Amino acid sequence: MSVYSLWGSLEIGLIFGLVALGVLISFRVLNFPDLTVDGSFPLGGAAAAILIHHGYDPFVATGIGTLAAGFAGVITGWLNVRLKIMDLLASILMMIALYSINLRVMDAPNVPLITESTVFTVLQPAGLHDYVARPLILLVLVVVVKLVLDWFFATQVGLAMRSTGSNPRMARSQGIRTGNMVLLGMGISNALCGLAGALFAQSQGGADISMGIGTIVIGLAAVIIGESILPSRRLAITTLAVVIGAVLYRFFVALALNADFVGLKAQDLNLVTAVLVTVALVIPLIKQRLRRKRVE
Amino acid sequence: MILHSALRSLVGTAAVVGALAAAPAQAQSVAVTSIVEHPALDAVKDGVHEALATAGYTEAKGLKWQFQTAQGNNAIAAQIARKFVGDKPDVIVAIATPTSQAVVAATKTIPVVFSAVTDPVAAQLVPGTGPSGINVTGVSDALPLQKQIDLIRKVVPNAKKIGMVYNPGEANSVVVVKQLRELLPKAGLTLVEATAPRTVDVGAAARSLVGKVDAIYTNTDNNVVSAYEALVKVGEAAKIPLIAADTDSVKRGAIAALGVNYHDLGVQTGQLVVKILKGAKPGDLPWETSSKLELYVNPGAAARQGVTLPDSLIKSATKVVK
Amino acid sequence: MLSAQNLELTFNPGTPIETQALRGMSLDIPAGQFVTVIGSNGAGKSTFLNAISGEQTVDAGSILIDGEDVTRQPVWDRAHKVARVFQDPMAGTCENLTIEENMSLALGRGQFRSLRLAVREEMRVLFRERLAMLGLGLERRLTDRIGLLSGGQRQAVSLLMASLRPSRILLLDEHTAALDPRTAKFVLDLTERIVAEHGLTTMMVTHSMRQALDVGDRTVMLHQGRVVLDVSGDVRRGLDVPDLLTMFERVRGEELADDSLLLS
């Protein structure tokens, strides 16, 4: 694998690390199966891309994309909390609606950003290759986001949100407005995915209507891989774990792309990725068994 | 003893040097990527391969050829682009718009030849018409729409309303729809649109046009081409003539198509690749549109859809499908 | 401080399974009193408790806590006045949060949740102090997940949690029913200690006539959605379980068919 591929995996992995953090909040903290991300990820990308296309500052565009996606998440939450629609269903409804909304936002299925200025071109330091600078910029961003999340969940509000997902009945009896907690959590979760989408569009040359397909699968894969490689009851470790999980997943894809020497063809990419991910998930199990054998 | 090991190291070094030197100076490498597996896009890839072979570049002669498909996923397309750039091939061939964007965004130095992109300027692959001056050139599959409209009028001279089924998520199709919205009224026709965001929606979109249109035109939309049989069912049941823009659809049930032969498009693309392998700079080569259009007709389908084709049309066809 | 007046609540009205859970339920509990509530299944004990906590909304009647009408208020708005220990030890705590995190949640019951750190050092001092009183060594396990604790331990902690912040009424919902006899006694003794220490107005629903008479100042018996017996003071002190039974039969004119009341 080339150095370029490695940096590329890190770059895309970190972007999806943000998605993984968002999915961690909805699926694990709030216990809310949220498929909105398949629509909010591209919404962030679409909004940012169309604004940049019309000359807005890329940072402002990224910010607006993030907020728009967060708002979409709040609507999903509202459908569930206020209209009492089942959580999974509410998120699917939102995801479907966002397809049309995203097309409207872009006024086209595709908005290219190849020749536009992006947050990356603005932040590009001289003397560093762009394919190295981007992952490094993302690394700083993801670390900051992770630390902010860790701090947030250690606050009273954050703890209230965690209890909402863990035991909503008990949370309510402690005076917590669980409905508001769900709205807040869904907003933050989808905002993170929108931020990821905005950054993805800017690093990959544009926003495309199909860029969201499968986002939830990647997010969940990252969470699951992360949790099995770095199991911990401490949230601060889990936030680190899911980001690592996202990077590892992209790394596996890159590995799979290079697997043609074993006689595998391009079409086998998904199969190879699945095998590699399965191996990653099974390793902790094997470690456990070996440990037990050693004890005996 | 020392002499023995010294001799061994000398032989070893010589072998290594020899192997490095033997890495042929002609070992050219071409990396090809497509967004998805699809008959038209696959035909392009094969055409490129064929053009290379015709010019003497084959695997047997040391050509390193690799192909990766992004399985319809943009994140994978991005990683493929990164991988290719890391492999440092002599040329990267990118088939279809999202793939081309990912590759062009990933490198400003490695020559990129795009193919099957309807509007490369709107996709920001090249700054305008003519030589790009950057590392990008390619072949667009844009069809001159006026000729398409002429064909429609030849097949259904009394038509007033033309329906179009397309995927609103596909850049190529949206471009065509936008242009038809302006061109059709000039010919005294109205456009009625029906969207099919997924392949499974094609049939329903076609049915929604029944009773509202006199003919249905479709372009090389990925969803439509994948599910063309669904369209044919509706066309034959409701007697709505179908006109396509890709010649493969004619044997599947379209009455006529004036289209790009995607294999030829691939060959045309491959010829650009050959020029670059021989030393030309991509920025000096102006990007092209498909040079050959072919007319395929299917009189049997015409009869089933309630239309008789004029003899002059059948005679002018490149191929008559039975 | 708790005044429930003429509460009416019907489940599934107008259907074949219509149940009148509360039929004119009235009860006044003055500040500092410890009331035990007993009744057979279907008597309305849990429903009454849920009406006070806000999990159920009554169809008619009013509930005043400390003079304030809370009848239509949702659970979270009443939480600063109402503390509750559930029957199921799992239901009263957040399994995947630590002991100190659970206690921090309870410490902030009904309060505005800010962006300050949820668990601060001065709170830990308080938590350790309180936990030490249990004698279970939990004061050294503040950062353990509460899910690691046994049912009895969790219930004990839940009790502590309920008393971390002053309340107008403490609701105990058969909170020893899911525990083995030894642990149940431990929790019951703890209950009496905590209620006495903080002077809490308490309403304890129990399935056991024995418990109902031994604990607290006043015993109330529910039947078919209303109060049928209300004893306190000397009268109550002289009562034993069989006496309670006779009194019940006299009031209702029927035999008590529920074995579980007799056997506990």
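Mentor: Two strands pair if DSSP finds at least two bridges between them. Strands are DSSP E runs of at least two residues and helices are H or I runs of at least four, numbered from the N terminus. This model is predicted: local features need pLDDT of at least 70, side-chain atom pairs count only at pLDDT 80 or more, and totals for chains, interfaces and linings use all residues. Residues are numbered from 1 along each chain as its sequence is written, while chains are lettered from A and ligands numbered from 1 in the order in which they are written.

Trainee: What is the strand order of the open sheet in chain B?

Mentor: Read β7-β6-β8-β9-β10-β12-β13, seven strands with mixed pairing. β7 and β13 (319–320) of chain B are the edges; each has a single partner strand, so one side of each lacks a neighbour in the sheet. At the β13 end, β12 (293–297) of chain B runs parallel to β13(B) over two bridges. There, B:Tyr296 has B:Lys319 as its bridge partner.

Trainee: Which strands of the sheet does helix α5 of chain B touch?

Mentor: Contact is the test (C-beta atoms, placed from the backbone, within 7 Å). Helix α5 (145–155) touches β6, β8, β9 (242–246) and β10 (256–260) of chain B. Its direction makes about 165° with that of β10(B); axes are lines fitted to C-alpha atoms, for helices over the stretch in contact, and angles run from 0 to 180 degrees between N-to-C directions.

Trainee: Is β6 of chain B largely enclosed or open?

Mentor: Count C-beta atoms within 10 Å of a residue's own: 20 or more others is buried, 12 or fewer exposed, in between partly exposed, with C-beta placed from the backbone. Five of the six residues of β6(B) (161–166) are buried, so the strand is largely enclosed by the rest of the structure.

Trainee: Which strands pair with β6 of chain B, and in what sense?

Mentor: β7(B) (190–195) pairs with β6(B) in parallel over six bridges. B:Ile162 stands opposite B:Leu191 there. The link from β6(B) to β7(B) passes through helix α6 (171–186), a right-handed β-α-β crossover (strands pointing away from the viewer, the path from the first strand over the helix to the second runs clockwise). β8(B) (215–217) is parallel to β6(B) too, over three bridges, with B:Met164 opposite B:Tyr217.

Trainee: How many residues of chain C are in contact with chain A?

Mentor: 28, meeting 20 residues of chain A. α3(C) (99–107) gives the largest share of that side, four residues. Chains B and C have no contact; their closest C-alpha atoms lie 35 Å apart. Of the two pairs of chains in contact, A and B share the most contacts.
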